[in-house]
Amino acid sequence: MLPQVSIPLIIIIILIIGGFVGNGFIAVINCLDWIKSRKITSSDMILIPLSTSRFVLQGTLTVYIHSLYFPDTPKLAPLYTASVILWMFVNHASLWFATCLNVLYCVKIISFTQPLLLRMKQRISGMVPWLLLGSVLISSVTSIPLLWNPSAIQPCNLTGDHLENNSVADIHLDSPYLFFFLYIAGSFFPLTISLVSSILLITSLWSHTKKMQQNIASFRDPKTGAHINAIKALISFLILYVSSFAAQIISLLLNKVDNYIWTFEICAIMIAAYPSIHPIILILMNSKLKEASVRIIQCTKCHLRKETS
């Protein structure tokens, strides 16, 4: 039996499809460029695992939406449990990868005078692989405890009852406090680092603009443009992730409360928006990705015109 189609469900489906396309596009284009040129920039090295983790994150969200809207058999209960554990890992991994990208922007754009920061600026490219490895390890630490206690995650229907009589519609947490603690623990530090990076970039932009305020072409200066693009990426990331973070907290707090389907739907929209909209922003602000997307759109239009003619 199919669920009643609602506007929130349609929005969620569109966001998830957009997330698959956007993140898949970033990963494929950067991998093809890497294979073709046999070299890769530091930002592309981060963008590949970032987009890949978000692609997987969209898959876990798809399973969650399926459990929320579609009645299923108990055979899918292990899949729902595994999807929650995988979601915890890829969500924290993608957050750390995004934080690495933010730090890279910050270190490369801002002019430092302190010897230690200057040394970091010179070696940041070589540190990227280790930062990515550290991100994976930290994300694993905040996800492994769920493997030790899988019974804490049990499928249930929307009334909060455990899976019985072949009906399931939502993922229920028997131990929401464990999930809540792991989610907060894995999100607090990267969010704090991203916030600090944003403040440093905004301060640097203000200082740079103030020095050039007598110059008419100050806002056409390449460094100013780099500042603005990096700040746009950082602020958009923070807004989207904080919204997703708040929505996830609300959904956890209402985990055992009945008759809150609309609240869960709104939270699901906010959670799905973060990994779906941010890659679009990254594409628009990355010249290589933007040019590739324009070429694909132009080729698609030409192909459609040939078919219609």
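Predicted model: local features only at pLDDT ≥ 70, side-chain atom pairs only at ≥ 80, totals over all residues.
**Stop 1: a surface patch**

Select Ile13, Ile17 and Val21. Together these three form a nonpolar patch on the surface. Val21 sits in helix H1, which covers residues 7-37. Its relative accessible area is 55%. The cut-off for exposed is over 50%, so Val21 counts as exposed.

**Stop 2**

Move on to Arg38. Arg38 lies in the loop between H1 and helix H2 (42-69). Check its backbone: phi is positive, about 60°, although Arg38 is not a glycine. Is Arg38 buried or exposed? Arg38 is exposed, with a relative accessible area of 75%.

**Stop 3: a stacked aromatic pair**

Turn to the aromatic side chains. The structure holds eight aromatic pairs. Start with Trp87 and Tyr183, a stacked pair. Their ring centres are 5.6 Å apart, and the planes are at 25°. Planes under 30 degrees apart count as stacked, which is why this pair gets that label. Colour the helices to see what the pair links. Trp87 belongs to helix H3 (residues 77-109) and Tyr183 to helix H6 (residues 176-211). The two residues are 96 residues apart, so the pair links distant parts of the chain. Trp87 is buried, at 8% relative accessibility. Tyr183 is also buried, at 0%.

**Stop 4: a tilted aromatic pair**

Next, select Phe237 and Tyr274. This aromatic pair is tilted, with 55° between the planes. The distance is 6.3 Å, centre to centre. Which helices does the pair link? Phe237 is in helix H7 (residues 222-253), and Tyr274 is in helix H8 (residues 261-285). They are 37 residues apart, and again distant parts of the chain are linked. Both Phe237 and Tyr274 are buried.

**Stop 5: the aromatic cluster**

Keep both pairs on screen.

**Stop 6: Leu147 and Ile85**

Finish at Leu147, in helix H5 (residues 144-148). Its relative accessibility is 54%, which counts as exposed. Leu147 and Ile85 are 62 residues apart in sequence. In space, the separation is 7.2 Å, C-alpha to C-alpha.

Key: Residues numbered from 1 in each chain as written. Heavy atoms only, no water. Patch = residues over 30% accessible without salt bridge, like charges linked within 9 Å, V, L, I, M, F, W, Y side chains within 5 Å. Areas by Shrake-Rupley, 256 points an atom, 1.4 Å probe, with all protein chains shown as cover. Salt bridge = Lys/Arg side-chain N within 4 Å of Asp/Glu carboxyl O. Helix = DSSP H or I, 4+ residues; strand = E, 2+ residues; numbered from the N terminus. Buried < 20%, exposed > 50% of the residue type's maximum accessible area, 1.4 Å probe, protein only. Phe/Tyr/Trp six-rings, centres within 6.5 Å; stacked < 30°, edge-to-face > 60°.
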